[in-house]
Every structure is written in C-alpha cells, then in structure tokens.
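Colleague: Please pick one part of this model and take me through it slowly. I am new to this, and I would like each cut-off given when its term comes up.

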Amino acid sequence: MTVLLQVSDPHFGTERRPVAAALQVLVRHQRPDLLVVSGDITQRARRAQFAAARRYFDALGIATRFMVPGNHDIPLLGLWTRCVDPYRHYRQALGPAGDRTMARDDLLLIGLNTTRPWRHTDGEVSSQQVEWAAAQLRQARPGQLRVLVTHQPVHVVRERDAHNRLHGHAAAISAWSAAGADLILGGHIHLPYVAELQAAFPQLPRRLWALQAGTALSSRIRFEANNSVNLLRIAAGRRCIAERWDYHDARAAFECTLQTEIDADHTA
C-alpha cells in the first residue's frame, strides 16, 4: 500500500512555524511513501524562499517527491525573468517544472504545469496537455490508481470561486474521465474539499473525483479553513481512502477530520 501526502500552497516566506513543526510530527507518525506538492511552493518565487522550501522538504525525510509549480512560483515583479526564464529559481531548487509522470505498482501520477507567465493567477491546461495526459492514462496498468495533479482547481464548490477554475477544465475532465482517470488533485484557493465530478458533469462515463488541499503552512488561511493537508492510503484494486488533516491551533497538531472512501475500479 502506498501512502501519499498531498501538500499544497505552503507559500514559503509566509509559513507559520508551529504549523511547519506539526507537519513534521505528522510525517513521522504517518510515514508517507510519497510527497506530492501541488504548487504555490513560495510566496514570491525568490531564490531564498525556494531554498527554504527545499530544506524543509529534505527535512521531512520523504524519499520520493512529485511537484508541480503554482502561479506564485513565477516571479511577479521581475518582469525580465518572468518573460525569459520564469522557472529558473524553481528548477535550481526543486528540479524540472514541466509535465511529468511517475509510476508505482498501485499508482500512476500525472503532473501538469498549468501556470502561464502571461497570466497573473489564472491557470490553463492546453489541448496538447489534455491529450498528452489522456494518452498516459490509457497506458496505465490495471491495478494502478490514476491520479492527475494540477495547481488550479478543475471544480469548485462555491460560486464565488468559479473564476479560479482552470481554463480548459471542462474539456480536460471529459477527456480524462474517458481515458480512465480516478482523481484530480489541486490547490490554489486554500479551501479543502472532495467532490465527485459526475454531480456537475453527468455525462462522464465513469466516476471521477476532485480532491482539493488547503494551504499546508501559510498564514494566508481562509477564515473557514485552517491549514490542512491530505493523505491518500492507496489499496489494491484502485481503491483508496482520502483523509483530510486539519491543523488544530489549541493542540498545535494536525488531526484527521474527514475520510472519504474512493473505489475507482468500476464505471458509473
């Protein structure tokens, strides 16, 4: 069984030290096999902030990592760097910023860079990315849970967040569902939730879930959602338990507040 820890929007440069310490404790207790970071790793894409992120991720001791950038990981004010080499500091600290895959016996991960230097906060998935990801999904082995990672959400649960949805999300959801996707992980809006996408897209040929993470470490929390992370416990037969862990200020610890069972090995 693979245990996956999803961390999103830590915004290094704004991290809360007690929360950062509590996440280290959670990792020691839960011992995840894989760290997935779904963007906005830094607050202002500065070299020092990326270096702090790298030190922190190294200290967590999770050997396998899988990351995609967020809009905050592109320089906002350094226009020359933003236009010419927007991911330079990201690459130097964390590695390549492009689309990627990772395969384990029970898991196929597909990461997509949905940031665009010409967009401020919005994200976009191109038709080429949609088809590339669908091709990867079609090559998945029967026992693999099929998980995509974007920064911006493909689905929102509140109308006031609708402008934050990924540009191209409808075409992507349709194509990825048809190709066998099970879960789409995201961040960006600092609001954790899990949603079955057939409620909003009834034409989908099979069940597909969106799993959003809140901000893991940052002081930029929403009033209705404290810092949080997700744990996925992946079992045989393309099944998993998605756990939401919220930071509790009074106890200075992360606590499991929601469990959602996902059985992906069937059509709707």
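Modeller: Start with Y247, which is buried at a relative accessible area of 5% (buried means under 20%, exposed over 50% and partly exposed in between, with a 1.4 Å probe and protein chains only). F254 is also buried, with 7%.

A note on the numbers comes before the rest. The model is predicted: local features need pLDDT of at least 70 and side-chain atom pairs count only at pLDDT 80 or more, while totals for chains, interfaces and linings use all residues. Residues are numbered from 1 along each chain as its sequence is written, and side-chain values use heavy atoms, with hydrogens and water left out.

F254 has a list of contacts (heavy atoms within 4.5 Å). Leaving aside neighbours within four places in sequence, F254 is in contact with V19, A22, L23, L26, A216, N227, S228, V229, W245, D246 and Y247. F254 also belongs to the largest nonpolar core, where I41, F57, V229 and F254 touch the most other members out of 35 residues. Such a core is a set of buried Ala, Val, Leu, Ile, Met, Phe, Trp, Tyr and Cys residues joined through side-chain atoms within 4.5 Å. At least two residues of this core come from each of strand 1, helix 1, strand 2, helix 2, helix 4 (88–94), strand 10 (228–235) and strand 11 (239–248). Helices (H or I, at least four residues) and strands (E, at least two) are DSSP runs numbered from the N terminus. A second, separate core has 23 residues, among them L112, V125, L204 and L208. In soluble globular proteins, nonpolar side chains tend to be buried together.

Now the sheet in this part. Six strands form an open sheet in the order 3-2-1-10-11-12, with mixed pairing; two strands pair if DSSP finds at least two bridges between them. At the edges stand strand 3 (64–68) and strand 12 (253–263), each with a single partner strand, so one side of each has no neighbour in the sheet. On average, neighbouring strands of this sheet are turned by 20° against each other, direction ignored. For such angles, axes are lines fitted to C-alpha atoms, for helices over the stretch in contact, and the angles run from 0 to 180 degrees between N-to-C directions.

Strand 1 and strand 2 (residues 34–38) run parallel and are joined by four bridges. V7 stands opposite V37 in strand 2. Helix 2 packs on the sheet, where it touches strand 2 and strand 3, and its direction makes about 150° with that of strand 3.

Strand 2 also pairs with strand 3 in the parallel sense, over five bridges. L34 has T64 in strand 3 as its bridge partner. From strand 2 the chain crosses through helix 2 to strand 3, and this β-α-β crossover is right-handed. Right-handed here means that, with the strands pointing away from the viewer, the path from the first strand over the helix to the second runs clockwise.

Searching the whole structure gives five aromatic pairs. Rings of Phe, Tyr and Trp (its six-membered ring) pair if their centres lie within 6.5 Å; planes under 30 degrees apart count as stacked, over 60 as edge-to-face and the rest as tilted. F12 and Y56 have ring centres 5.7 Å apart and planes at 55°, so this pair is tilted. F12 lies in the loop between strand 1 (2–7) and helix 1 (17–30), and Y56 lies in helix 2 (residues 47–60), so the pair ties together parts that are 44 residues apart in sequence. F12 is buried, with 3% relative accessible area, and Y56 counts as buried at 9%. Another aromatic pair is that of Y247 and F254, which is edge-to-face, with 5.6 Å from centre to centre and 65° between the planes. F12, Y56 and F57 form one aromatic cluster.
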